[in-house]
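This report describes how parts of one protein chain are arranged. Please look at the sequence and the structure below before reading on.

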Amino acid sequence: MNWLLKSAQFQVLSLLPGGTRFYNYTQEHITRSTVASFQRVAQKVQVGLDFWNWLRRENQIEQLTGGRLLDLGAGWHPSIPLLWYAFGNDQQTLVDVFPNMDASKVRDTFKFFHTLANDSQWAGREFVKRLPEACDPSVTGVAALLAPLGMEYHAPYHDLLPKRPGQYDIVICTQVLQHIPKPVQVAIFRELYACLKPGGLFHATIHFVGQFRSPNVRPGQYEHLRYSPETWEKWINSSLMSFNRLKGPDYQETLAQAGFRLREFKLTAASEADRAELKRIRVHPCFSRYSELDLAARGVSFVAEKP
Ligand SMILES: C[S@@+](CC[C@H](N)C(=O)[O-])C[C@H]1O[C@@H](n2cnc3c(N)ncnc32)[C@H](O)[C@@H]1O
C-alpha cells in the first residue's frame, strides 16, 4: 500500500473511538505483523548477536552475562532477552509503554528460539550455556512466563526507572527511538543515564528510512525527506504512529546532552542505488544541515557509555 495512504489510515484510526484496538486487531489477525515467526525471531536475534560480537571484541562480555540488563521498548517478542538468557544472563528488565507481549507470543518466541539455537549452522551456538525450558501451558501471564528466566516485564512502566538509579549494566533498545520526538528523547536518555552504573552501556539500533513502510523496501525510502516539519506533524504523524525523521547528528547531540560518551556509531551505509534514489528527491530545506552521507544512511547502530 502507498505509504501516504497508510499514514492517512493511522490518522483516521487515531481519531476514531476504538481505533487503537481495531489497529491492534488488524496487526494480529490480518497483516499478522506482530505474530512471532521463525524469520522475525532469527532476524532480531542476529541484532543481539551483532552487539555480542562487539562486546567480545571489546572484552566486555561479562558485563552482559553477569550484569543487570534493561530492554527499553521490548515490543511483542522477547527474542533478544532469550538470547541473553541462553548466554547465561539471569537479570533482565523488559519495559514498554504498551503491554504488547502476550502469553501466546512469548510461547511462540520460545519455540522459534529453540529451533534456531538447535540449528548447527547458527552463528551463536558456541556461546549457548542453556536453553529455556518449554513454557508451562497452565501459565497465562507474560510476567509469570518470563520470571523463571530472571526476567521482569513492566508494560506500562510508569516511574520504574527513576526508582532504580545506578542499577543497570546495559540498556538495549532496538527500533524504538525513531518513534520518539527529540525533546522526549533527551529526557529518556537522561533517565537511562541515571539508571546505568558508571561504565554502563547503552546500545540502540534505529531505522532512518522507510517510514510508514517496511525499511526493507527500497523504492520510496527517502520520501519522508520531502516534507516540512509542519506538514509532517499535521498530515503524516498521528498519535497512533509517528516517526521523528532524526538523523545521525541528532542522536550524537542528544546522547552528548545526556552525558553519554560514544564508543561506537555505525551508520548503515547507503548503496549506489540508494544514493541515486536520494538524488531524485526534492529534499526540504529543513534538512539542509545534514550531509548527503547522513541523509542517505539507512539507519544507525550505536553503543554509548556512561563515563
Ligand atoms: C518497533 S517496536 C520494536 C520492538 C522491539 N524492541 C523489537 O526490536 O522488536 C517499538 C516498541 O517501542 C515501544 N515504545 C515506544 N515508545 C516507547 C517509550 N518511550 N518507552 C518504552 N517503549 C516505547 C512501542 O510500544 C513498541 O513496542
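## Loop residues

Asn59 counts as exposed, because 8 C-beta neighbours lie inside 10 Å. The scale behind this word runs as follows: a residue is buried if 20 or more other C-beta atoms lie within 10 Å of its own, exposed if 12 or fewer, and partly exposed in between, with C-beta atoms placed from the backbone. The model is a predicted one, in which local features need pLDDT of at least 70 and side-chain atom pairs count only at pLDDT 80 or more, while totals for chains, interfaces and linings use all residues. Residues are numbered from 1 along each chain as its sequence is written.

Asn59 sits in the loop between α3 and α4 (61–65). Helices (H or I, at least four residues) and strands (E, at least two) are DSSP runs, numbered from the N terminus. Although Asn59 is not a glycine, its phi is positive, at about 60°.

Arg245 also has a positive phi, near 60°, and is likewise a residue other than glycine. Its place is in the loop between α9 (229–236) and α10. Arg245 is buried, since 21 other C-beta atoms lie within 10 Å.

Pro181 lies 64 residues from Arg245 along the chain, and the C-alpha atoms of the two are separated by 8.8 Å. Pro181 belongs to the loop between β4 and α8. With 14 other C-beta atoms within 10 Å, Pro181 is partly exposed.

Ala147 is in the loop between α7 (142–146) and β3 (151–154). It counts as partly exposed, having 13 C-beta neighbours inside 10 Å. From C-alpha to C-alpha, Ala147 and Asp90 are 9.9 Å apart in space, and they are 57 residues apart in sequence.

Another loop, between β3 and β4 (168–174), holds Pro156. The peptide bond that leads from Ala155 to Pro156 is cis, with omega near 0°.

## Helix pairs

Two packed helices are described by the angle between their axes and the distance between the axes. Axes here are lines fitted to C-alpha atoms, for helices over the stretch in contact, and angles run from 0 to 180 degrees between N-to-C directions.

| Pair | Angle between axes | Distance between axes |
|---|---|---|
| α8 (residues 182–195) and α10 (residues 248–258) | about 45° | 8 Å |
| α3 (residues 38–57) and α6 (residues 103–117) | roughly 70° | within 9 Å |
| α5 and α6 | roughly 50° | within 10 Å |

The angle between α5 and α6 makes α5 oblique to α6. Angles under 35 degrees count as roughly parallel, over 145 as roughly antiparallel, 65 to 115 as roughly perpendicular and the rest as oblique. α5 passes α6 in a right-handed crossing. A crossing is right-handed if the near helix is turned clockwise from the far one by less than a right angle, and left-handed if anticlockwise. On the α5 side the contact is made by Ser79, Leu82 and Ala86, and on the α6 side by Thr109, Phe110, Phe113 and Ala117. Two residues are in contact if their C-beta atoms, placed from the backbone, lie within 7 Å. By class, this contact of α5 with α6 has 5 nonpolar, 2 polar and no charged residues. Ala, Val, Leu, Ile, Met, Phe, Trp, Tyr, Cys and Pro count as nonpolar, Asp, Glu, Lys and Arg as charged, and the others, Gly among them, as polar.

α3 and α6 are roughly perpendicular to each other, and their crossing is right-handed. Phe38, Val41, Ala42 and Val45 of α3 meet Thr109, Phe112, Phe113, Thr115 and Leu116 of α6. The contact of α3 with α6 divides into 7 nonpolar, 2 polar and no charged residues.

α8 and α10 also cross in a right-handed way. From α8, the residues Lys182, Gln185, Val186, Phe189, Arg190 and Tyr193 meet Asp250, Thr254, Leu255, Gln257 and Ala258 of α10. The contact of α8 with α10 has 5 nonpolar, 3 polar and 3 charged residues.

## The nonpolar core

Which residues touch the most other members of the largest nonpolar core? Of its 60 residues, they are Val171 and Phe202. A nonpolar core is a set of buried Ala, Val, Leu, Ile, Met, Phe, Trp, Tyr and Cys residues joined through C-beta atoms within 7 Å. Helix α5 (residues 79–86) gives the most to this core, with 6 residues. Apart from its neighbours within four places in sequence, Phe202 is in contact with Val171, Leu192, Leu196, Phe260 and Ala304.
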